[in-house]
Structure formats: C-alpha cells, structure tokens
Amino acid sequence: MPQAINFNQKMKRIEYENVKDCEREYLKALGFLDENEEFTNSYNKLNNNWKIIRENKDFPFLISLPKEIKNLLICSYEKLVDYFLELYKEKGSDDKNLKKLFDDNKFSYDCYKNFIADFFTKNADKLKIHSCFYCDAAYTGVFSTDEEVRRTFDVDHFFPKSEYPMFSLSLYNFVPSCQVCNSRVKG
C-alpha cells in the first residue's frame, strides 16, 4: 500500500504572481513552447510518449489522467490532489515497474531536472521563494556570483516521484525546500 500523504501538513503555499505567465514560462523552460507560443518537437514527442504511457494495459488506472500531457504539466495543485485520490484507490504498489514505464518513455524528472532547477532559480522572486515551504524557518533564495546565479533551496516533489512518476514534471507538484527538510525530515 502506498504511503499516505498528510494534506493537512502545515506548510506555506507558493504564491504565483501571475499563474498563466508562470505556466507559460515553465513550458518554455522545459523547451515545450517556443517564443511564438507554439508547441515544439520536444513537446510533441513527450505528448506521444504520454499517450503510450496512459494507454498501457498493465496500469489501467493511468487512463483516468488527462489525454494531453500539457493538462497534467500545468494543472492546478487541487486537480493534482483529485488525480492522486483517484489513483490512490486503484494504483496498488507496483511502483518499480510503473517508474520503469515512465523512464523508458523519457517521462522522467531526471531528463528535465536541470531545466526545472533553472526555472525555479530564475523565478525565485516571482514565486516569493524566501524560506523553506515546509519549515518556514530556513532562508532560501538566490544569489549571484561572478560566474553564475545559484539557489539555496532544493526543488522537492510533494507527491514522491518514485511512487507517482506521472506527477514528476507537474509544475504544482514542486515545493522549494531547505536541504534539511528535503533530505532528512521528509517521509
């Protein structure tokens, strides 16, 4: 049985200044939208892989997820919770083979983690990332050196990517956190 997630956990909400702009910038950061806001070849490949994943007979519960991957990548947190609750009832515990299905079809956080980290680094001020969203005690933010811009936070998955790889790229599944909460406290 998958580990239960406490939705009443005391944590700050991420404040997205302009949700539509943020979602558009996220899709651009992943290389899925071009400057003219047309979907790119990368998006079309991922969307085709998504269709293969979604229709996999070994995991029939995936068919309840959106037909187009964009609708999962930028769906609201509340919608992610709805999907989670639906999947939680049917999913079972075959996390290893489920994750392999996603990895084999290039739908993996590892394929996009640098783009995602860059997105959160570039948008830290817009997203008001100033302290850990779990403990609200540790300072998090961005600072510049002569060579680069660096962040002092990790980008954690609220729904664990190992158990719920279908949410591993969803914008509203990411939680900026301090390294202590992300590595020692979670779970």
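Guide: Here is a short chat about the fold and a few of its residues.

Visitor: Before we start, what should I keep in mind?
Guide: This is a predicted model, where local features need pLDDT of at least 70, side-chain atom pairs count only at pLDDT 80 or more, and totals for chains, interfaces and linings use all residues. Residues are numbered from 1 along each chain as its sequence is written, and side-chain values use heavy atoms, with hydrogens and water left out.

Visitor: Okay, how many helices and strands does the protein have?
Guide: There are seven helices and four strands. Helices (H or I, at least four residues) and strands (E, at least two) are DSSP runs, numbered from the N terminus. Along the sequence the pattern reads α-α-α-α-α-α-β-β-β-β-α.

Visitor: And what share of the residues is buried?
Guide: Buried residues make up 45% of the 187 in the protein. Buried means under 20% relative accessible area, exposed over 50%, and partly exposed in between, using a 1.4 Å probe and protein chains only.

Visitor: What about contacts along the chain?
Guide: Of the contacts with a separation of 6 or more, 66% join residues 24 or more positions apart. Contact here means heavy atoms within 4.5 Å.

Visitor: Let's look at helices. At what angle do α1 and α6 cross?
Guide: Roughly 145 degrees, with the axes of α1 (residues 19-29) and α6 (residues 109-122) coming within 9 Å. Axes are lines fitted to C-alpha atoms, for helices over the stretch in contact, and angles run from 0 to 180 degrees between N-to-C directions.

Visitor: Which residues meet there?
Guide: C22, E25, Y26 and A29 in α1 meet F115, I116 and F119 in α6. By class, that contact has six nonpolar, no polar and one charged residues. Ala, Val, Leu, Ile, Met, Phe, Trp, Tyr, Cys and Pro count as nonpolar, Asp, Glu, Lys and Arg as charged, and the others, Gly among them, as polar.

Visitor: Is Y26 buried or exposed?
Guide: Y26 counts as buried because its relative accessibility is 0%. Beyond its neighbours within four places in sequence, Y26 contacts L73, I74, I116, F119, L169, S170, L171 and F174.

Visitor: How far apart are Y26 and L171?
Guide: Their C-alpha atoms are separated by 7.4 Å, though the two residues are 145 apart along the chain. L171 lies in the loop between β3 and β4, and with 0% relative accessibility it is buried too.

Visitor: Switching to the strands, how do β3 and β4 pair?
Guide: They pair in the antiparallel sense over four bridges; two strands pair if DSSP finds at least two bridges between them.

Visitor: Last one: where is S108?
Guide: S108 sits in the loop between α5 (95-104) and α6. A polar atom of its side chain lies 3.2 Å from the backbone nitrogen of D110.

Definitions and conventions. Polar contact = N/O pair within 3.5 Å; in protein donor to acceptor, adjacent residues only side chain to side chain.
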